[in-house]
Structure formats: C-alpha cells, structure tokens
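Dear colleague,

Please find below the structure that I am handing over to you. My notes on it follow directly after.

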Amino acid sequence: MSAEASVGSHAADSAQSAVSQPAFHNTDEFRNRGLLGSKYVKLNVGGSLHYTTVQTLSKEDSVLRSICNGATEVSIDSEGWVILDRCGQHFGLVLNFLRDGSVPLPEDHKELDEVLKEAQYYQVQGLVQHCLSALQKQTDVFETVCRIPMITSAKEEQKMIATCRKPVVKLQNNRGNNKYSYTSNSDDNLLKNIELFDKLVLRFNGRVLFVKDVLGDEICCWSFYGEGRKIAEVCCTSIVYATEKKQTKVEFPEARIFEETLNILIYENGRGSGPGGLHLLDSRSPGSSLGGDEEGATGGERRVRRIHVRRHIMHDERGPGQQTVYKD
C-alpha cells in the first residue's frame with residue numbers, strides 16, 4: 001500500500017513539474033534550430049504579428065530564408081513566435097511580395113523609402129529593385145514638373161538669387177499698385193506679359209529659375225539675374241499724360257524680354273564669370289535695343305541694363321473723333 005502511494009505521489013509531482021515549467025523556458029536554448037521541420041511560422045516583428053509558411057519565406061535568397069534554415073540566429077518566445085527586432089509597419093508588404101512576386105507600392109515618397117529600407121534589410125532583392133524603379137519614376141515626374149516659386153519677402157528673394165546656380169528671371173506683377181486708371185490696352189498687355197512668362201518657363205525649364213513677385217512696387221517689371229547679381233531689367237509700365245488726366249499704361253515688349261532671357265543664358269553653369277561672357281553681353285550693337293533707355297555704369301564696371309519702355313508719353317489713346325482738340 002505504501003509502495004502504491006509512493007508511485008502515485010511521484011507521478012503527481014512529475015505532472016505538477018511539467019505544468020509549472022513552460023515549453024520554452026529560455027529563448028536562448030532555441031536559437032539556430034531552424035524552422036525546416038515546421039510548415040507554418042509565427043513572426044513577431046516589432047509587435048506586429050504575422051502568420052505565414054516556411055515556403056513563402058524561402059522563395060528568395062534572403063535573410064528570411066536563412067532564418068528558416070537556421071543560418072541566422074533568432075529568438076523564439078514561449079509561445080513559439082519568432083522575434084524580429086524591426087518595425088512591423090511594412091512587413092506585411094514584404095510578405096505579400098514574397099507570396100505574389102509583385103505588390104502595389106505606396107505613392108508617398110517617404111513611405112516608399114521606408115519600404116526600400118526594409119527590403120534592403122531583409123535582402124529581398126526583387127522588392128529592392130521594385131522600390132528603386134518606383135523611386136526613379138517619381139524623380140522623372142518631379143523633374144518634368146515646372147515649379148514657380150512665389151516671393152514672400154525681400155530677404156527670401158535675396159537668399160534665393162544668391163544661392164541659385166542657375167540664371168534667374170523674375171516677373172514682378174502687382175496690378176493693384178496703381179494710383180491712376182489704366183489705358184484701354186493695359187489689361188491685355190499685362191495678360192500677355194504673364195502668358196509670355198509661362199511660355200518661357202516651359203521653354204527654359206531646368207536651365208533658368210523663374211520666380212514671381214506679386215508683392216512688389218512695380219505693376220509689371222522683368223528682372224534678369226546671373227551669378228547672384230542683377231544683369232538687366234525691363235519695366236513695362238509708363239505714365240501717359242492724357243488730355244484729361246494721367247493714366248498708367250502697360251506695354252508688352254516681347255522681343256526685348258525674349259532677348260534678355262537669351263542673354264542671361266551666358267551665365268548658365270558659371271559660363272559668364274569670365275571676360276568672354278561679359279564681352280558677349282557688352283558687344284551688342286546700338287541698334288539691337290528695341291526702344292527705351294539704358295541706365296547704369298559705363299566704362300569697365302559691370303552695369304545693369306534698365307530698359308524703361310516709353311516712360312513718359314504725351315498721347316491720347318482714344319479713337320478718332322473722340323479725342324479732345326485744344327485750340328489756342
């Protein structure tokens with residue numbers, strides 16, 4: 001009777017011992033065993049839980065395959081979850097790529113870069129190439145888009161022009177800065193200046209930086225910069241002394257604006273810094289000017305060409321029969 005009690009007591013102690021000790025008491029004991037004997041794998045990636053198969057993880061020669069065959073050390077917790085110390089936000093996308101061979105990538109540049117970093121860490125080369133191709137497409141699209149900065153302050157303008165390695169064309173457009181009424185053609189000419197600005201942006205995109213200033217004092221004025229300094233200026237507004245009152249007139253010197261835009265291309269990639277560049281700009285014939293007066297220093301100094309299109313005009317733009325005739 002005592003022997004049976006002893007056997008029963010020993011069996012009870014063994015059962016209690018088996019219950020009190022977990023199946024995976026120490027995770028270090030289960031490193032490098034591999035998962036080849038398992039069909040399914042439970043992954044805990046930074047707190048994100050994923051359930052997949054060894055076959056899926058082994059599709060590419062990657063870190064995940066080396067985890068399955070025991071070549072890479074991993075920790076397995078007491079519940080059988082393989083612990084991976086990585087952010088699990090994009091791990092599902094990595095798994096879907098291994099399952100299907102392709103996967104939709106996020107359009108956001110930052111998220112796409114995060115997916116690329118995860119693919120590089122796990123050495124999933126197919127996904128790495130997929131991400132690099134998507135990033136290259138985004139770069140190509142970005143380069144074909146014409147972006148026009150808007151100046152918000154004089155300090156910002158100075159910094160932008162001083163740090164830009166490209167020639168700069170600035171259109172100052174502020175129709176509301178006028179104390180007189182406009183002539184009949186001024187609105188049309190103002191729109192033509194804006195349309196020409198847009199056309200020049202498209203034509204010289206990538207070679208010249210075009211900026212807009214809608215806060216300045218001028219109603220319509222073009223400024224041309226090279227190597228951080230102003231090269232030329234074309235002011236398109238003038239005061240018309242009409243028969244009854246003063247009016248503001250906006251001109252559209254298209255040829256002169258286009259000529260000055262071509263002139264500043266000499267400063268592209270620093271080509272205008274040498275004496276040859278200055279010689280090309282200063283050697284224009286006197287007849288090349290399309291009207292207006294040029295102001296600035298003479299001699300050997302670098303000058304700014306300021307072209308004011310008919311600054312003050314004695315003219316009445318009203319049609320025949322409507323003009324006022326003054327008799328002595």
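Strands, as named in this message, are DSSP runs of at least two E residues, numbered from the N terminus. The model is a predicted one, and the findings should be read accordingly.

Strand S9 covers residues 229-235, and Glu-233 is found in it. Is Glu-233 buried or exposed? Its relative accessibility is 12%, and because buried means under 20%, Glu-233 counts as buried. Its side chain makes a polar contact with the side chain of Lys-230, at 2.9 Å.

Leu-64 illustrates the packing. Leaving aside residues up to four places away in sequence, Leu-64 touches Leu-57, Leu-84, Phe-91, Val-94, Leu-98 and Tyr-122.

I turn now to the aromatic residues. The count comes to seven aromatic pairs. In one of them, the ring centres of Phe-197 and Trp-222 are 5.9 Å apart and the planes stand at 55°, so this pair is tilted. Phe-197 belongs to helix H8 (residues 186-203) and Trp-222 to strand S8 (residues 220-226); the pair therefore ties together parts that are 25 residues apart in sequence. Phe-197 is buried, with a relative accessible area of 0%, and Trp-222 is likewise buried at 0%.

Trp-222 also pairs with Phe-224: the ring centres lie 6.5 Å apart with the planes at 10°, so this pair is stacked. Phe-224 is buried as well, its relative accessible area being 0%.

Finally, a charge and a ring meet elsewhere in the model: Arg-86 lies over the face of Tyr-121, at 3.9 Å from the ring centre.

With kind regards

Key:
Residues are numbered from 1 along each chain as its sequence is written. This is a predicted model: local features need pLDDT of at least 70, side-chain atom pairs count only at pLDDT 80 or more; totals for chains, interfaces and linings use all residues. Side-chain values use heavy atoms; hydrogens and water are left out. Helices (H or I, at least four residues) and strands (E, at least two) are DSSP runs, numbered from the N terminus. Buried means under 20% relative accessible area, exposed over 50%, partly exposed in between (1.4 Å probe, protein chains only). A polar contact is a pair of N or O atoms within 3.5 Å; within protein, one must be able to donate a hydrogen and the other to accept it, and residues adjacent in sequence count only if both atoms are side-chain atoms. Contact means heavy atoms within 4.5 Å. Rings of Phe, Tyr and Trp (its six-membered ring) pair if their centres lie within 6.5 Å; planes under 30 degrees apart count as stacked, over 60 as edge-to-face and the rest as tilted. A charge sits over a ring if NZ of Lys or CZ of Arg is within 6 Å of the ring centre and within 35 degrees of the ring normal.
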